[in-house]
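Good morning, and thank you for coming.

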Amino acid sequence: MSSKFWAELSSDYEKLLETEIGYDVIIYAGEEPNIKEIHAHSNILCIRSQYFRTAFSNEWAEKKDGKFIFRKPNISPQLFNIILRFIYCGNIELKNLQGSDILKLLIAVDELNIHPLISHIQEFLIEHQTEFLHQNPTGILEIVYQHETFVDLWNFCLEKICEDPKVLFDYDQFVNLKAPLLELLLKRDDLNMDEIEIWENLLKWHFAQQNIKNDPTKWSKDDITKIKNGFHRFISLIRFYDIGPTDFFYKVYCYKDILPQNLINELLEFHIVPNIKPKSNLPPSRKPNLKLDSTLIESNHIPLFASWIDKKDSLYYNKKIIPYEFKLLYRSSQDGVETKSFHNNCDNKGATIWIAKIKNSSQLIGGYNPLDWSGDWIWKTTADSFLFNFTDGKNISTAKLSYVDKIKNAVYCNSAYGPTMGNLFCSDNNWCYRIYSDGHRYPAIGFPNDFIVEDYEVFQVIKK
């Protein structure tokens, strides 16, 4: 019964809002030529909003002919009507609003001190409008930073930018970012960029701020002094020791006139003298946002796999820029080496990559199946599968890669077999590589003829 009464009460207040009976508040919302006069009731506004409560109690609101007058040019009539509907009825509909309008609504709600809506709108933006940040990242960051109540949204924006820094750093207006915001980002240990890229973007931003060309050979003494003074606050935020010697020489050392001399000397010593340790107290290296649940491979294998999947050069991706997630589906040492267990965990999961460690060896072999493992007595066709072989599993430079040649024999699905591809067959822990009349279905990369494995893992490959 109570829900029925609440619905009736909400409906009655909605009628009061629409009929405007007994209104004593006039609100002029929006700017010319789109100003709209909106009518409301002071008692309801006072109960539901700290802003109006203060206005009425302190009597700073304009009053004319017995009615309170509010002028809100910064809030559009559409958004003010949405706010009033919530104040009166407890209802709000956000699905039909664009991300930028929802942010404007959040700013208005914050100004009017309607606390329940502040949390609700932030939650909606985070869950349903994640792309809004791409539209104007510098502007959005600055807006959210200025509002202390937008804690959840602020944390979300920082995490998204740290996860995918190109959202901000590749944006045309990045150079207009306020210095305190850039400083906050550069302090983050999870900023997902190579340190040399961070350094180059800092230079780009700073020279734009100073309106000075990025050409050290043409700087005057005044230019150098100006750059050094504005640059000082950022120097300690760059992890210079994480920049390799080649990039240091060509992309850092040429700016020695604007960097502290003792820092340049220490970096030169670090790169030139063998086995020298940094002398300064350094912040930790930035941590790539890379999660991997494996006992066989390490994080440096993942960029390689991602590059192979996209048929790119082996160095195309790095630990900080990977377009896939690798979710562990199956580990033979914990789930059982039986073929049945493999299918129970891996069938109907889409694209997978598997890795096996050959017993009494450091050798790792594996393969990528872009399809799935479901079906019985079926050869599946694809041109995108591959096999690989690390003769020394921990050393990725020992990798050998083999894309499928005979695409009709790329992947074999059978309930009696584990991960079987081309000439490589697996049944429980009996593995074999057999040459048939059609030869090698993948170019040969040194698989043993018959072997067993210590362990093997299968990962679901999920596009981010």
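Trp-379 is partly exposed, with a relative accessible area of 29%. On this scale, buried means under 20% relative accessible area, exposed means over 50%, and partly exposed lies in between, with a 1.4 Å probe and protein chains only. Phe-425, at 11% relative accessibility, counts as buried.

Before I continue, a word on the source. This is a predicted model, in which local features need pLDDT of at least 70 and side-chain atom pairs count only at pLDDT 80 or more, while totals for chains, interfaces and linings use all residues. Residues are numbered from 1 along each chain as its sequence is written, and side-chain values use heavy atoms, with hydrogens and water left out.

How many aromatic pairs does a search of the whole structure find? The search finds 43. Rings of Phe, Tyr and Trp (for Trp, its six-membered ring) pair if their centres lie within 6.5 Å; planes under 30 degrees apart count as stacked, over 60 as edge-to-face, and the rest as tilted. In one of these pairs, the rings of Phe-52 and Phe-56 have their centres 6.1 Å apart and their planes at 25 degrees, so this pair is stacked. Trp-379 and Phe-425 also form an aromatic pair, and theirs is edge-to-face, with 6.3 Å from centre to centre and 90 degrees between the planes. Because Trp-379 lies in strand β8 (residues 378-380) and Phe-425 in strand β12 (residues 424-427), the pair ties together parts that are 46 residues apart in sequence. Helices (H or I, at least four residues) and strands (E, at least two) are DSSP runs, numbered from the N terminus. Elsewhere, one aromatic cluster is formed by Phe-305, Trp-308, Tyr-368, Phe-386, Phe-388, Phe-390 and Tyr-403.

Let us now turn to helix α3. Phe-52 and Phe-56 both lie in this helix (residues 50-58), four residues apart, which is about one turn. The buried residues of α3 are Tyr-51, Phe-52, Ala-55 and Phe-56. Seen down the helix axis, the buried residues of α3 fall within an arc of 120 degrees, so they line one face of the helix; the arc is that of the directions from the helix axis to the C-beta atoms. Which residues are exposed on the other side of α3? They are Ser-57 and Asn-58. The cover over the buried residues of α3 includes β1 (25-29), α2 (42-48), β4 (67-72), α4 (77-89) and α5 (99-111). At the N-terminal end, α3 is capped by Ser-49, with a side-chain oxygen 3.3 Å from the backbone nitrogen of Tyr-51. After α3 comes Glu-59, whose phi is positive, near 55 degrees.

Lys-67 lies over the face of Tyr-23, at 4.7 Å from the ring centre. The charged end of Lys-312 sits over the ring of Tyr-316, 4.9 Å from the centre of that ring. A charge sits over a ring if NZ of Lys or CZ of Arg is within 6 Å of the ring centre and within 35 degrees of the ring normal.

Finally, consider Gly-230, which has its place in helix α13 (residues 221-235). At 23% relative accessibility, Gly-230 counts as partly exposed. Gly-230 and Phe-207 are 23 residues apart in sequence and 9.9 Å apart in space, C-alpha to C-alpha.

Key: Contact = heavy atoms within 4.5 Å. Polar contact = N/O pair within 3.5 Å; in protein donor to acceptor, adjacent residues only side chain to side chain.
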